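I opened my notebook to look around a protein model, one spot at a time. Come along and keep the 3D view open beside you.

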Amino acid sequence: QVQLVESGGGLVQAGGSLRLSCAASQTISNIHAMTWNRQAPGRQRELVAGISPGGRTNYVDSVQGRFTISRDNAKNTMYLQMNNLQPEDTAVYYCRVIQRQTGGVLVDFWGQGTQVTVSS
């Protein structure tokens, strides 16, 4: 069973930066997409950024221009560079890998989450 482990969260002042990492326990084949998601208290989990196997990226409007998603296939690791953090970015951040399995079935793998807190 694939395990994803996030790291890099913490407490930062507004305007600061953090880099989140998501390390997979093994190489994941047939990746459909990889995403970062976040969930703030009292709110639904939302997609923050995604990256396709070909390297195409997309972002939610609120982080466009401030966050960058990337991946290092050799290290089985995905990153989220977060710059100019704002208090509204405070949330638990989760990484997700979607794998296409036999028959075209899509299967999700999620990390345990890492807390990001931005003070004003």
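These are my entries, grouped by place.

**Ground rules.** I am working with a predicted model, where local features need pLDDT of at least 70, side-chain atom pairs count only at pLDDT 80 or more, and totals for chains, interfaces and linings use all residues. Residues are numbered from 1 along each chain as its sequence is written, and side-chain values use heavy atoms, with hydrogens and water left out.

**Entry 1: strand S1.** I looked up S1, which covers residues 4–7. Strands here are DSSP runs (E, at least two residues), numbered from the N terminus. Buried means under 20% relative accessible area, exposed means over 50%, and partly exposed lies in between (1.4 Å probe, protein chains only). I noted the general rule too: in a regular strand the side chains alternate between the two faces of the sheet.

Next I asked which way S1 and S3 pair. S1 and S3 (residues 18–24) are antiparallel, with four bridges; two strands pair if DSSP finds at least two bridges between them. Leucine 4 sits opposite alanine 24 of S3.

**Entry 2: glutamate 6.** What does this buried, charged residue have around it? I found no salt bridge for glutamate 6, and the nearest side chain of opposite charge, arginine 45, is 7.5 Å away. A salt bridge would need a side-chain nitrogen of Lys or Arg within 4 Å of a carboxyl oxygen of Asp or Glu. As for charges, Lys and Arg count as positive, Asp and Glu as negative, and His and the chain ends are not counted.

The side chain of glutamate 6 does reach the backbone nitrogen of cysteine 95 at 2.8 Å and the backbone nitrogen of glycine 113 at 2.7 Å. Beyond residues up to four places away in sequence, glutamate 6 touches residues including Cys22, Trp36, Tyr94 and Cys95; contact means heavy atoms within 4.5 Å.

**Entry 3: the disulfide.** How many disulfides does the structure hold? I found one, and it joins cysteine 22 to cysteine 95, S to S 2.1 Å. The cut-off is a pair of cysteine sulfur atoms within 2.5 Å. Cysteine 22 lies in S3 and cysteine 95 in S9 (residues 91–100), so the link ties together parts that are 73 residues apart in sequence. Both cysteine 22 and cysteine 95 are buried. The link is right-handed, with 60 degrees about the S-S bond.

**Entry 4: alanine 91.** I stayed in S9 to look at alanine 91. Alanine 91 counts as buried because its relative accessibility is 1%. Its contacts, leaving aside neighbours within four places in sequence, include Arg38, Gln39 and Val116.

**Entry 5: threonine 77.** Threonine 77 lies in S8 (residues 77–82) and, at 10% relative accessibility, counts as buried. A polar atom of its side chain lies 2.8 Å from the backbone oxygen of lysine 75.

Entry 6: Most residues other than glycine have a negative phi. Asparagine 30, however, has a positive phi near 50 degrees, and asparagine 76 has a positive phi of about 50 degrees. I found asparagine 30 in the loop between S3 and S4 (31–39), and asparagine 76 in the loop between S7 (67–72) and S8. Asparagine 30 is exposed, at 54% relative accessible area, while asparagine 76 is partly exposed, at 25%.

How values were computed: A polar contact is a pair of N or O atoms within 3.5 Å; within protein, one must be able to donate a hydrogen and the other to accept it, and residues adjacent in sequence count only if both atoms are side-chain atoms.
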